[in-house]
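This briefing goes with the sequence and structure shown below. It is arranged by topic, for reading beside the model.

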Amino acid sequence: MKNSTAPNRKTGRMIAKNLIVLFTVALAGFCGIQAWFTDNRSAEANGIEVECQAPDGIEIAVVGHDAPAPTEYTTGNITLNKTNYPFLENLQLTEITGDGTSFKKPALYQTGGQAHVDTKADWSDPTANLHYLSFDLYIRSKSQYNISIGKKSTIKPDAPQLTTQDGTGIKNKSKYGNFSRDSVVGAVRFSVVDYKQDPPSKKLLWLPAPNILLEQTNDEYTLSDNKTSGDSYSHVYYNSNKERNTFSSTADDSAFVVNNSGFVGRKFTYELGKNQTIARLEKPSGTGQEDDQFFSAMVTCNMWIEGEDAEARLALVNGKFNVNLVLTKETKES
């Protein structure tokens, strides 16, 4: 754990405000420093909208995680907001940690103005769509396909430029240095999981902005947005046994995706970089399902801010980032 300074000496909640998942996300209220420092402000998650695109021939529907299956599907795009989808009404992103399949909200203790993870105390389980975003994505088609999150999908900062030498021209500039608060995207994680399998099968764990690294020396913050390798290309988290673990860019885990070739023309693309299969459409089995005309699948999508990430800091509170997930289809191999 890194040492803190005065700006980090608050504990509380990290809140996502104006969250637009799959396209535009505005994050308000998150902070911390790997040592779980967070701001104690709170606010409702207003104006939440979720938009999802599907290719031709694919129908989709979205419900909150573990909610009853939908009765209506749509083709093309769908837009969710808290008016039409009440499961988004109470969403506040709170400091949590996890491997993309399971999550924990560690107990913390304070000493010397610093917050530390308490591995001896009881930890709590965070609540889906209160502490982190979690929704079930239902997919169906009259033909059989493999469904992927497409390689051109992006999760990227709203600011076109994150840092300059003198701080001029930076959108949403932090008061702690010559960098944009939108650099919080470096702490964003996105996963896709099939919880119907036992044990759950993780289809995707995506670290979208490995080029970003926020470092602190005493009272000074330094932001780099051009990292091509190193610690920022790893996902650090605590597991259910309260052990600190690391997924590296070379990890033997097909679900872990970090784009090591994301730089194009000296700028990072924030693209997924590869088509990642998340589901295979199958005919449902069981009594009364034999005549179903659709091949179908359901997976759960999770998005959270990882409290153990270097960009999880007070200096980046009120950062904004844009998310664009594109579903693609491929003919199922026999």
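Predicted model: local features only at pLDDT ≥ 70, side-chain atom pairs only at ≥ 80, totals over all residues.

**Leu205**
- Leu205 belongs to strand β15, which covers residues 201–206.
- Its relative accessibility is 1%, so Leu205 counts as buried; the cut-off for buried is under 20%.

- Seven strands form an open sheet with mixed pairing, in the order β5-β4-β11-β24-β14-β15-β20.
- The edges are β5 (74–75) and β20 (256–257); each has a single partner strand, so one side of each has no neighbour in the sheet.
- Strands β11 (residues 133–141) and β24 (residues 295–305) run antiparallel and are joined by nine bridges.
- Across this pair, Tyr138 stands opposite Met298 of β24.

**The nonpolar core**
- The largest nonpolar core has 63 residues, of which Ile60, Leu137, Ile147 and Phe190 touch the most other members.
- Strand β24 gives the most to this core, with seven residues.
- Beyond residues up to four places away in sequence, Ile60 touches Cys52, Gln53, Ala54, Tyr73, Thr74, Gly76, Ile78, Leu137, Tyr138, Ile139 and Leu327.

**The largest pocket**
- The space in the largest pocket is about 330 Å³.
- It is lined by 17 residues, and those closest to its centre are Pro160, Gln161, Lys267, Phe268 and Tyr270.
- Two or more lining residues come from each of β13 (154–157) and β22 (267–268).
- The lining comprises seven nonpolar, five polar and five charged residues.

**Backbone points to check**
- The peptide bond between Asp198 and Pro199 is cis, with omega about 0°.
- Pro199 sits in the loop between β14 (188–194) and β15.
- Lys242 is not a glycine, yet its phi is positive, near 65°.
- The loop between β18 (235–238) and β19 (244–247) holds Lys242, which is partly exposed at a relative accessible area of 23%.
- Tyr270 also has a positive phi, about 60°, without being a glycine.
- Tyr270 lies in the loop between β22 and β23 (276–280), and its relative accessibility of 9% makes it count as buried.

Methods: Residues numbered from 1 in each chain as written. Heavy atoms only, no water. Pairing = 2+ DSSP bridges. Helix = DSSP H or I, 4+ residues; strand = E, 2+ residues; numbered from the N terminus. Buried < 20%, exposed > 50% of the residue type's maximum accessible area, 1.4 Å probe, protein only. Core = buried A, V, L, I, M, F, W, Y, C linked by side-chain atoms within 4.5 Å. Contact = heavy atoms within 4.5 Å. 1 Å grid on protein atoms, 1.4 Å probe; cavity = no way out; pocket = protein on both sides within 12 Å on 5 of 7 lines; lining within 4 Å. Points joined across faces, edges and corners; volume = space filled by probe spheres on them. Nonpolar A, V, L, I, M, F, W, Y, C, P; charged D, E, K, R; others polar.
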